[in-house]
Amino acid sequence: MPKIIYFDCAGGICGNMTLGALLEICGDEEYFLNELAKLGLDGYEIRIEKRESYGIRGTYVNVLIDGEDEYGHHHDIGHDHHHAERNLNDILSLINNSDLRQSVKEISANIFMKLAKAEAKIHDKDIDKVHFHEVGARDSIIDIVGTAILIDRISPDLILSSTVNEGHGFIECAHGKMSVPVPATSQIFADSNIQVRQIDVNTELVTPTGAAIISTLASDFTLMPEMKIQKTAFGLGSKDIGYTNALKVYLGEGSENNDDIYVVETNIDDSTGEQMAYAMEQVLKAGARDAFYTPVIMKKGRPAYKLEIICTKDKLDDLLEIVFKETTTIGVRYHKVERTELKREMICVDTEYGKVQCKKVTSPKGQVYIYPEYEDIKKIAIEKNIPLKELYKLF
């Protein structure tokens, strides 16, 4: 059964909200803090608190940098550092030279690359010329590396997200007053597959760090899949947005048949038989569950063939590319379908003519069916000179 993490971003997403929710899922603050210390980063303190927001209790992670929280309020933590700048290579070197697990380093680097690419585009600079102000850099390092530590600890098989809600209006930042979403967040939206919508909340709900985290971690933005929920966690923010300011994250166990299955269709009336045969061969090699042609009559009375491909979501883009490359079609249709699939296993059945590989299929009510593999009984039919239909009667 796949382990699934599902992010419900109805209240947006930012770094410390992500840490709060994942800490509740993980349930091991000591491990988190010990792993984070492997960075060798100083000048910060993490305060993990239980709070309430509109009656919902969750975890608030307050990251203090040189004694200041996210709103610039000062707290004495015994450090006084000058506010220098770090570029992407500085940050990646810090991460890669640490004693963190390799998987944590890779997740962290991927998220930081997403953030740096967005900053490079909006400032029209090479990515290695992008600089992060020291306070913001350390805050982002803690949020991003901390998220990677917790995701690695939870080790989900699949990470999904809801549509991400963003607010509107203006906020004050280092460059002055900016409209929401701020440029870096907007660029990450444009550079990724995030599904986002603006809601009537007059403030920022998605920070650039939050956008980089969710666009890197989530493989799809969709409704919650079929799953048995094991934990529900709330990572709280500190804004009053008129309802609970929280990121809700679910940990669950997916069903065995939780694959998203898609059917791809296109009508072809101007390809040769050789081209269509080759196209089908290529889509099957690329991982399609099935593919077939059906004769059809198109709108102008021309005979044609409808190509149908059955595939999982992760294969969809690659298969569409093959269809456009290997056929003459200029458009395809595809849609998600529901399916019921019986439990199956491969078994070996002894017969009077030798061993035959078979599929053993079990219905929901426990009825068992045995289906011999065609190539096995074909071989026996040829070798023993027995009609194929007679061999099927053995099962």
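I looked up helix α4 (residues 102-123) and helix α7 (residues 208-217), whose axes come within 9 Å and cross at roughly 125°. Axes are lines fitted to C-alpha atoms, for helices over the stretch in contact, and angles run from 0 to 180 degrees between N-to-C directions. Helices are DSSP runs of H or I, at least four residues, and strands are runs of E, at least two, numbered from the N terminus.

α4 and α7 are therefore oblique to each other (under 35 degrees is roughly parallel, over 145 roughly antiparallel, 65 to 115 roughly perpendicular, the rest oblique).

I then checked contacts (heavy atoms within 4.5 Å). Ile107, Asn110, Ile111, Lys114 and Leu115 of α4 meet residues of α7, including Pro208, Ala212 and Leu217.

A note on the source: this is a predicted model, where local features need pLDDT of at least 70, side-chain atom pairs count only at pLDDT 80 or more, and totals for chains, interfaces and linings use all residues. Residues are numbered from 1 along each chain as its sequence is written, and side-chain values use heavy atoms, without hydrogens and water.

Next I looked up α10 (residues 374-384). Its buried residues are Ile377, Ile380 and Ala381 (buried means under 20% relative accessible area, exposed over 50%, partly exposed in between, with a 1.4 Å probe and protein chains only). They lie on the same side of α10, because they cover an arc of only 100° around the axis (taken from the directions from the helix axis to the C-beta atoms). On the other side, Glu375, Lys379, Ile382 and Glu383 are exposed. The buried residues of α10 pack against β19 (354-362), β20 (368-372) and α11 (388-392).
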